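Student: Can we go through this structure together? I'd like to take it piece by piece.

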Amino acid sequence: MFDNLLGSFWPYTIDGLILGAIYGLVALGYTMVYGVLRLINFAHSEIFMIGTMASAFVVMVMGVTKPLTGLALVGGLLLLVLAGGAASAGSAMLLERIAYRPLRKRGASRLAALISAIGASLFLQELFALVIIPYVFNRPQQGRNQMGVARIMEKDTLFSIGGAQVRVDQVIIFVAALGMMVLLDLLVNRTKIGRGIRATSQDPETAVLMGVDIDKIVRVTFLIGGLMAGVAGALFVLQFEVTKFSIGFLLGIKAFTAAVLGGIGNLRGALLGGLFLGLIENYGAAIFGSGWKDVIAFSVLVLVLMFRPTGILGESLQQARA
Amino acid sequence: MGAFTDRVRDRWATAPGWQRWTVYVLLFIGALLLPSESIGHFMSPYSDWASVLFFPVGTYIVLAIGLNIVVGQAGLLDLGFVAFFAIGGYSMALLGTRLGLNFWEILIAGVILSAISGVVLGGPTLRLRGDYLAIVTLGFGEIVRQTAENTDAIGGPRGIAGIPHPPSIDGVVIFGVDIFHYGVLDPRPYYYLLVVVATLIIIFVKRWEKSRVGRAWAAIREDEDAAEVMGVPTFKFKLLAFAIGASIGGAMGVVWAGKTISINPNDFLFMLSATILAAVVLGGSGNIPGVILGAFLVAWLPERFRGLSEYRIMVFGAALVALMIFRPEGLLPSRRRKAELAEGTGGMGAMGAEVPDPQAHAEPEGAAK
Amino acid sequence: MRPKIARLGGVLAVGVALTVGLAACGGGGDTGSTTGGGDSAAPTTLKIGFMGDLSGESSGIVIPPSNGAQLAVDEYNATNPKVKIEMIKYDSRADATTAVNLAQKAIKDDKVVALVGPAFSGESKQAVPVLEEAKIPNISASATNVDLAKNGWKYWHRVVPNDGVQGPSIADFIAGAAAAKNVFVVDDKSEYGKGLADAVRAQLKTKGATVSDDALDPNATDYSSTVNKAVSAKPDAIFFGGYYAGAGKLLKQLRDKGVQAKFFSGDGSLDKGIIESAGAAQAEGALIGCPCRIPTSAETDEKVKKFAADYKAKFGADPLIYATEGYDAMTAFTKAIAGGATTADAINEAVGKSDFDGISKHISFDPTGEPSAKSIYMYQVKDGQIGLLGDTTTAKLS
């Protein structure tokens, strides 16, 4: 039972960390919105999906037929990440404007906002399945099918650890994800806008009295969360080279789980929760079989919350400094 | 509209008992008459109306009434309600095919089993606050489904086939319907059974709502800390809400599996939990008639507009957003909930970052708890 | 709290009244339905249904047989018969409950005399009992679950051999032509995928091969844990039971991790989507078994060639998976009706005695409704195209 895990410990660990980095990036969006609005942004999984679609679209437009090299590759990767990030950030802000702000202004309950989020999520999925994929990607009648994305970089092995081969694309994904998170951490803890975000999540009323423009803070929060999800989408496309209208659903649930594991509202918790979840899934799969992966992930979530009811690092953005 | 419904409600509130009971009986009869062919062609031009009335319409209504106890009454966010429906369904399938118990025995067993599973889930997790509970319940729903999927002893992904129907009593024919004949072809006997079960559930739920239990739930929903301080054993009552909600979900699972011949884990996807939650909030969480209306619409509209098949889910999604923007309290909110919402949190807590706006007197919930 | 707020019935009344009111309004506006062919007078048009997932995620393997069935109907009607046939499509989206509701509608409102479908095994399990009780003959062009034939259904048939034939045939090929001794078998935890994979596992074990296994979630994307298991199992061959979306992703991740074992799958993966998802380079050489007969460009049989040409002319696309089977299933009905059968019972009897050369195979049924012909074909990805390799019993790997 355990020899499988012990026999290939490093491969499971490395794949778990890379998956976890993507979880962490998406989890950031959940955690930031939650920190500021106390809202489970259920449609965040669709924001991620839009990021993968934008990246896939760029690859399609570039007309890549064989893997790029050298400067073309660097440019291509940048373009991929930019497209994913921009598309997701834009749609996240639009989502906030249409589906959440009117509710916020009316003082609606968070339950109503959650239903609005579920509605928005359904709408966006169907929009891609029925309109964007058939017409923009020109795949009529195949809106619900999985889309393959052309390979833009050769997946060469860079080095190996303990028998596990680590590929270039995996290193790029891990480094890019960590880099984004460090940048975000600096932004929230060191800049004026970051202070505004922290103040709002701590005590919105006082923040307003102190001259914080809450609408702006909320917009920025969605923008950053969307940006992270979009970059995650681009990295996802780089690694797996597929996407689908419903690709966000499962990943979104996992990322949300990661956010809660780490302590929702806590930026560093999102990263930690993501990596932790990625590892748990892979180790669990190694021991019990991949069919039990999600069962193990959720069971660990329940166990962790029983002993640490606010996640591993505890909640709240303002404590992110600790 | 508001003034009119207010007047209707006032009139209703002061109506003498016999008038109310007349209306109840008429409603019950009305529900029994629903599967009539004469309205079927309009109500469901693309599918068999009586079948649609059983599933999804009737099933969603009962599930929504069950979830309403957890979400609407006690104010606990449950995203994995489908788990209890699954436990009821699997009880029917396993006890019926393996132990050969009959439907009525299994109905009781299923209710007890789901209530126990509600306590098992609630016991360790109900001390969690709001959104932590939400993700844990969501996880529980997935754990139940995937465990069924991975366990070959209960059929794995193949599920269980050959589930027995409720025992028939043939020959009781009313208006050409053999009303106790639980066969395969005619869905109406199952629908009548469902109406009876739903009526009993509504009566029970209504009794609870008006009792000490209901008041305790309302207190927890409005302010858990205050309730605890005032001497309400909040944990006990939350657990009770979970158990009752779960047993209603389980009962529906048994009834549904009793008609459906075979079940498999894919009948219990997360989307069903989300849909039922949408039904509760859309109709007016906390208010049974509202919840029934919400569940009816959520179940019926996509069936009715199957002709627009492609776009119906997209329209449904957009409609959910629009409804929450223009009527966040639901279509038929209870007055009490409406008042709570106007005051602020509506039991679920408002979103943070509330901008103090003259129209919305919402109290932002402190970030640090 | 106000004392006398007993609103249960109050708003319940409004709710149901609204419902009934709505219904009544609509009922008034509706001008009755189709009356269906009268039973006493000889009907001039009979209705035959086609049921399956015509718009959902699996529609890619249901639209071709629906087109095939439509072609059979059109060809029959073009001969100017006394009794014409109208085909009605029922889009179940592969959902069993929807299939049951649609079957009831087909029986009660549309009064169909026969049905091609339901397309998949899951929906068949629930919808066929309804058809059975209503005595409506039905022929599925693509439901391959073994257990379906074990229900004692008299009105049910299929024109494809079941997974109990497909799985062992593929396993024989893996152990025989591909000479694999160590096989890694993965399923996608679907009803179909697990059933097929289990049949393959069992047969491989009787052949003395070492079998290791795992399962994956077709909706997930990261299969690294499954791939790592495959790496440590060092198999000669890998079999995946499931649909193409999962197969494509798995195949790509296996190849990217350097696993070069021969990759096998079953009919659910027989879709060019597997090449797109895996990438042409990674998919090259993948072998896919199927009880279906798909006309390819290298076709030699004249009848199949003509079918492919007619199909292309009518639908503007090449006949894909189960198109020939859909045509043959409908042809069994048209032949019965041409033979003078006009009631559901008579049609069922005539179908049971079917004995003709269809496009996909020779069509005749055993008493349980299974087809007598049991050929499984092996297809292989070559140069980014899926090509026919031949019957599993005779095909050779180059």
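Tutor: Chain C has 13 helices and 14 strands. Keep in mind that this is a predicted model.

Student: How many of chain C's residues count as buried?

Tutor: Of its 398 residues, 60% count as buried.

Student: And what about contacts in chain C between residues at least 6 apart in sequence? How many join residues at least 24 apart?

Tutor: That share is 72%.

Student: Next, the open sheet in chain C. What is the strand order?

Tutor: The order is S2-S1-S3-S4-S5, five strands in parallel pairing.

Student: Which strands stand at the edges?

Tutor: Strand S2 (84-91) and strand S5 (156-158) of chain C do. Each has a single partner strand, so one side of each has no neighbour in the sheet.

Student: What does the twist average from one strand to the next?

Tutor: It averages 25 degrees.

Student: How many bridges join S1 to S2 in chain C?

Tutor: Eight, and the two strands run parallel. S1 covers residues 45-52. For one pair, take C:Leu46: its bridge partner in S2(C) is C:Ile85.

Student: Which strands does helix H3 of chain C touch?

Tutor: Helix H3 (residues 96-108) packs on the sheet and touches S1, S2 and strand S3 (114-116) of chain C. The direction of H3 makes about 180 degrees with that of S1(C).

Student: And helix H4 of chain C, where does that one pack?

Tutor: On the sheet as well, touching S3, strand S4 (138-140) and S5 of chain C. Helix H4 spans residues 121-133. Its direction makes about 160 degrees with that of S4(C).

Student: Let's zoom out. What domains does the assignment give for chain C?

Tutor: Domain 1 is 45-162 + 301-363, and domain 2 is 164-290 + 377-391. Their C-alpha centres lie 29 Å apart.

Student: How many residues does the contact take from each domain of chain C?

Tutor: Ten from domain 1 and nine from domain 2.

Student: What classes of residue are on the domain 1 side?

Tutor: Where domain 1 of chain C touches domain 2, there are four nonpolar, six polar and no charged residues.

Student: Switching to chain B. How many helices and strands does it have?

Tutor: Chain B has 15 helices and two strands. It has 369 residues, and 59% of them count as buried.

Student: Where is B:Phe268 found?

Tutor: In the loop between helix H11 (234-260) and helix H12 (270-283) of chain B.

Student: Is B:Phe268 buried or exposed?

Tutor: B:Phe268 is buried, because 26 other C-beta atoms lie within 10 Å, and the cut-off for buried is 20 or more.

Student: Which residues is B:Phe268 in contact with?

Tutor: Leaving aside neighbours within four places in sequence, they are B:Val82, B:Phe85, B:Ala86 and B:Arg145. B:Phe268 and B:Gly80 are 188 residues apart in sequence but 9.8 Å apart in space, C-alpha to C-alpha.

Student: Last topic, the nonpolar cores. How many residues has the largest one?

Tutor: The largest has 228 residues, and A:Leu25 and B:Ala64 have the most contacts inside it.

Student: What does A:Leu25 touch?

Tutor: Not counting residues up to four places away in sequence, A:Leu25 touches A:Ala177, A:Met180, A:Met228, A:Ala229, A:Val231 and A:Ala232.

Methods: Residues numbered from 1 in each chain as written. Chains lettered and ligands numbered in written order. Predicted model: local features only at pLDDT ≥ 70, side-chain atom pairs only at ≥ 80, totals over all residues. Core = buried A, V, L, I, M, F, W, Y, C linked by C-beta atoms within 7 Å. Buried ≥ 20, exposed ≤ 12 C-beta atoms within 10 Å, placed from the backbone. Contact = placed C-beta atoms within 7 Å. Helix = DSSP H or I, 4+ residues; strand = E, 2+ residues; numbered from the N terminus. Domains from an automatic or database assignment. Nonpolar A, V, L, I, M, F, W, Y, C, P; charged D, E, K, R; others polar. Pairing = 2+ DSSP bridges. Axes fitted to C-alpha atoms, helices over the stretch in contact; angles between N-to-C directions.
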